[in-house]
Amino acid sequence: MEVNVDVAVIGAGPAGSVLAALLAWRGARVALIERTTFPRDKVCGEFLSYDALPLLERLNLVDDLDHHGSPTIRRCRIVGRHRQYEFLLPEPARGVSRLLLDDLLFRKAVAHGAEPWEGWTADSIEAHSVALSRNGEHVSIAARVVAGAWGRWGRFDAQLGRAFVRDRAHRNFGFKRHYRREPASAALQHDVIELHSLGRGYLGVNDIEGGLTNICGLVHSSRLAGHRGRWESFVDMLRAEEPSLETMYSAYEPAQDDFLSSEPVIFRARRPVEGGLFMAGDASGVVDPLTGNGMAMAIQSALLLAPLLLRLLANGAQRAAIESEYAVAHAAMFRPRIAWSRRIAGLLSHPTALDNALRIARGNAIGGFLVRRTRSDHAAVARLADVFFKSAEGRVQSAGGAPVGPS
Ligand SMILES: Cc1cc2nc3c(=O)[nH]c(=O)nc-3n(C[C@H](O)[C@H](O)[C@H](O)COP(=O)(O)OP(=O)(O)OC[C@H]3O[C@@H](n4cnc5c(N)ncnc54)[C@H](O)[C@@H]3O)c2cc1C
């Protein structure tokens with residue numbers, strides 16, 4: 001079977017689903033291709049930064065977060081070996097599971113008119129086509145534009161010859177599990193995210209919907225030697241090593257059967273346009289997870305990319321100019337926060353250095369300053385979203401025929 005679309009989006013995480021929702025809303029024929037089926041879990045701290053919220057508000061998804069009881073997070077507590085520092089976040093964030101959020105975003109894209117290819121794996125790509133399969137069935141999609149939103153690590157990164165794939169020295173791995181508080185414990189308050197330091201890594205702890213708490217960590221691969229992929233054994237080692245982690249973990253009991261672990265997380269620069277493909281989200285650049293800004297950045301990259309792709313669909317001759325415009329806008333918006341995220345993660349991954357730094361940390365100013373350096377502000381994203389939603393231009397003549405889109 002062969003299908004024609006304007007845009008084929010590979011991957012329905014926050015980047016892919018938001019990009020598909022925005023493009024479809026403006027009349028483009030979009031295939032949204034996702035190898036898993038929703039709801040699906042994912043390694044993530046599940047802290048949704050405040051700078052993701054303006055666009056979710058305009059997609060009417062914040063009401064859904066409220067409806068499902070996603071907690072509001074107002075404070076951040078940094079927990080070192082011997083010292084702690086707590087500060088107010090510049091604006092309130094949310095705790096929300098990927099089981100819930102990614103499902104909501106995917107359904108929103110489909111409601112806006114994106115064609116769901118759920119459970120289909122993209123097997124090979126070119127600048128204007130994608131081959132998909134599902135249980136022995138094969139489909140070829142011809143697209144005027146292919147967008148890569150497959151996350152931080154996928155088969156196409158090797159196919160495109162992206163340099164970070166060969167980096168074996170700087171691999172980190174993420175792990176997470178949902179927990180319930182022990183009834184008798186005086187554990188974490190609902191409106192706090194805690195960041196715990198450990199050698200060559202860190203843990204984030206925050207509440208999500210359903211009265212659950214997510215505990216999610218990132219560690220350098222060198223710390224995993226001898227555990228043979230058994231996260232239980234690694235976490236036992238951490239608890240024995242860091243008394244503050246023992247205190248924290250003992251306040252919870254697991255609410256999921258097992259740990260979930262991630263693909264390699266490699267912090268090497270990547271290009272937002274590669275081989276004629278437009279990348280969004282982690283596929284275009286990875287911010288250190290400690291910031292809790294990866295999902296916001298994924299959503300914002302979709303917001304940056306969508307109007308450019310609409311222009312490209314309207315005038316294919318502008319392709320080279322649009323590719324470089326996206327690369328420049330992407331670097332301006334995300335490169336500084338990626339650099340700051342690595343500096344701060346370096347400190348959090350060294351418990352002794354962190355304790356020293358925490359000696360002088362007081363009040364909200366220093367915490368607020370660092371938080372702002374690793375994200376956009378709410379107003380800047382709101383302005384970008386308003387420009388997109390208020391503009392009447394760029395409704396495209398769909399590959400399927402007559403223009404479609406909002407009335
Ligand atoms: C340990 C850890 C903790 C984190 N904590 C946070 C946090 O608290 N807050 C935060 O905002 N961010 C956090 N992040 C980062 C966040 O998870 C990512 O930035 C975010 O998921 C990026 O979204 P995305 O849409 O780019 O990619 P993804 O969410 O990775 O989605 C990519 C999708 O593409 C699909 N896919 C891949 N290949 C194919 C294929 N060939 N065919 C079809 N589908 C395919 C995948 O199944 C997946 O659904 C964390 C990351 C890690 C590793």
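## A loop between two strands

Glu46 lies in the loop between β2 and β3. Strands here are DSSP runs of E, at least two residues long, and helices are runs of H or I, at least four long, numbered from the N terminus. The model is predicted: local features need pLDDT of at least 70, side-chain atom pairs count only at pLDDT 80 or more, and totals for chains, interfaces and linings use all residues. Residues are numbered from 1 along each chain as its sequence is written.

Glu46 has a phi near 65 degrees, a positive value in a residue other than glycine. Glu46 is buried, with 29 other C-beta atoms within 10 Å. Buried means 20 or more other C-beta atoms within 10 Å of the residue's own, exposed 12 or fewer, with C-beta atoms placed from the backbone.

Pro39 also sits in the loop between β2 (30-34) and β3 (47-48). A cis peptide bond joins Phe38 to Pro39, with omega about -5 degrees. Most peptide bonds are trans, and most residues other than glycine have a negative phi.

Asn135 is in the loop between β8 (129-134) and β9 (137-148). Its phi is near 45 degrees, again positive in a residue other than glycine. Asn135 is exposed: 6 other C-beta atoms lie within 10 Å.

## Two packed helices

Helices α8 (residues 294-314) and α9 (residues 319-348) pack at about 160 degrees, their axes 10 Å apart. Axes are lines fitted to C-alpha atoms, for helices over the stretch in contact, and angles run from 0 to 180 degrees between N-to-C directions. The two helices are therefore roughly antiparallel (angle over 145 degrees).

How values were computed. Angles under 35 degrees count as roughly parallel, over 145 as roughly antiparallel, 65 to 115 as roughly perpendicular and the rest as oblique.
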